[in-house]
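Visitor: Please walk me through this model, one feature at a time.
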Amino acid sequence: GNQIYDNVMAGVEIKTGGDPEVRGNVIRDGKQSGVFVHSGGRGIVERNEVRANALSGIAIKRMGAPVVRHNRVHENRVAGVYIWDGGAGVLEGNLLYGHPKNMDLAIVGDNSTELTNQLRPRST
């Protein structure tokens, strides 16, 4: 896989009919979200480590609808996975942990999302 890091914008952006396979990468330390799917973007985001990004690890909005599975998403500054403003998708088998205020998974509004994920409780 690739090391995708220190980006000014999203580490990976999928939009306007994009349907890539994003597999086996480390996506870290970006100035915005690690992966941003929007405006009709789809794709498969699988077996990546997404960590320490300034916004969310994976952000989905405005008709973005990826399949997000078997990723390790941790220690991003807003949320692990953040879905809002008409975002959707399938999230399965992801390990989400270490986000502020336990925001490992945030779904805001009326979104169509299928979920089966593992959330790791914070240690005290």
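Guide: The largest pocket is lined by M9, A10, E13, Q32, S33, F36, L55, S56, A59, V78, Y82 and W84. The model is predicted: local features need pLDDT of at least 70, side-chain atom pairs count only at pLDDT 80 or more, and totals for chains, interfaces and linings use all residues. Residues are numbered from 1 along each chain as its sequence is written, and side-chain values use heavy atoms, without hydrogens or water.

Visitor: What counts as a pocket, and what space lies in the largest pocket?

Guide: On a 1 Å grid over the protein atoms alone, a pocket is an open set of points where a 1.4 Å probe fits, with protein on both sides within 12 Å along at least five of seven lines; lining residues have an atom within 4 Å of a point. Volume is the space filled by probe spheres set on the points. Here that is about 160 Å³. The lining has eight nonpolar, three polar and one charged residues.

Visitor: Which strands run parallel to strand 12?

Guide: Strands pair if DSSP finds at least two bridges between them. Strand 9 (residues 67-69) is joined to strand 12 by three bridges, in parallel. V67 has V90 as its bridge partner. Strand 10 (residues 72-74) also runs parallel to strand 12, through three bridges. There, V73 stands opposite L96.

Key. Helix = DSSP H or I, 4+ residues; strand = E, 2+ residues; numbered from the N terminus. Nonpolar A, V, L, I, M, F, W, Y, C, P; charged D, E, K, R; others polar.
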